[in-house]
Amino acid sequence: MRKLKIFEHISLDGVIQHTADDDNFPYVDWNAPYRTPAGRDALFAACGGSFDVLLGRRAYDILSGFWPKAPSSPMADALNAATKYIATHRPESLEWGPFEGLGPDLVEGVRRIKSQDGPDLVLWGSSTLTSTLLEHGLADEVLLFVYPVLLGTGKRFFAEGTPARSFELISSKALPSGIVINTYKAAGPLKTA
């Protein structure tokens with residue numbers, strides 16, 4: 001059974017948005033000043049070297065505009081070789097492969113993929129998918145790349161209505177740039193006193 005890891009680059013106040021989208025977000029590419037070789041290496045190590053990717057359609061469109069043309073590197077080569085599992089209603093318009101549409105039922109599609117043999121799955125950049133995967137208990141780990149900034153506005157990691165859950169801290173690593181990488185394992189429903 002494959003593990004599903006959710007990766008997010010997040011501000012101290014929970015913002016994960018990096019693009020303007022449709023709401024004129026004022027801090028496009030806010031994490032760019034923190035990109036370093038150490039951060040890139042830590043991200044690649046967290047992926048496990050060989051992985052497949054789970055993406056929403058918007059994230060797929062953004063990444064497919066860059067990675068197929070990126071210079072060869074361990075991350076570019078692994079990402080371009082990875083199977084991209086895409087939540088989309090328009091699978092016929094996908095080009096960056098190898099790829100597979102998840103089908104009309106996202107939850108069943110992810111369950112099916114997790115039950116197959118293969119490398120771990122990594123989800124990048126989708127607040128919508130994140131909430132659904134957490135709601136249905138499909139995420140095994142959450143890796144938060146926490147940046148030392150406050151943004152005050154933008155899409156948040158956990159959408160309103162995300163069910164309460166418990167997580168266990170597996171590891172925490174601080175980078176010289178000020179980014180802290182926290183890795184959590186899903187630990188089930190929230191326990192209260």
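Modeller: One term before the surface figure: accessible areas here come from the Shrake-Rupley method with a 1.4 Å probe. On that basis the protein chain has an accessible surface of about 9900 Å², with 56% of it belonging to carbon and sulfur atoms. Keep in mind that this is a predicted model.

The protein chain has five helices and eight strands, and from the N terminus the order is β-α-β-α-α-β-β-α-β-α-β-β-β. Its radius of gyration is 16 Å, close to the 16 Å that the globule rule gives for 193 residues, so the chain is as compact as a globular protein of that length. Buried residues account for 42% of the 193.

Now the charges. There are 19 positive and 22 negative ones, and their mean positions sit 3 Å apart. As for salt bridges, the count comes to eleven, taking a side-chain nitrogen of Lys or Arg within 4 Å of a carboxyl oxygen of Asp or Glu.

Let's start with D120 and K5, whose side chains meet at 3.9 Å, N to O. D120 belongs to the loop between α4 (106-115) and β5 (121-124), while K5 is in strand β1, so this pair ties together parts that are 115 residues apart in sequence. How covered are the two ends? K5 is buried, with a relative accessible area of 10%, whereas D120 is partly exposed at 23%; the cut-off for buried is under 20%.

K114 and D140 make another salt bridge, with the closest N and O atoms 2.9 Å apart. Here K114 sits in helix α4 and D140 in the loop between α5 (127-135) and β6 (141-147), so parts 26 residues apart in sequence get tied together. K114 is buried, at 4% relative accessibility, and D140 is partly exposed, with a relative accessible area of 24%.

Then there's R40 with D41, where the closest N and O atoms are 3.2 Å apart. Both ends are partly exposed: R40 has 45% relative accessibility, and D41 has a relative accessible area of 44%.

Most residues other than glycine have a negative phi. D29 is partly exposed, with a relative accessible area of 34%.

Key
Residues are numbered from 1 along each chain as its sequence is written. This is a predicted model: local features need pLDDT of at least 70, side-chain atom pairs count only at pLDDT 80 or more; totals for chains, interfaces and linings use all residues. Side-chain values use heavy atoms; hydrogens and water are left out. Helices (H or I, at least four residues) and strands (E, at least two) are DSSP runs, numbered from the N terminus. The radius of gyration is taken over C-alpha atoms; the globule rule is 2.2 Å times the number of residues to the power 0.38. Buried means under 20% relative accessible area, exposed over 50%, partly exposed in between (1.4 Å probe, protein chains only). Lys and Arg count as positive and Asp and Glu as negative; His and the chain ends are not counted. The place of a charge is taken as NZ of Lys, CZ of Arg, CG of Asp or CD of Glu.
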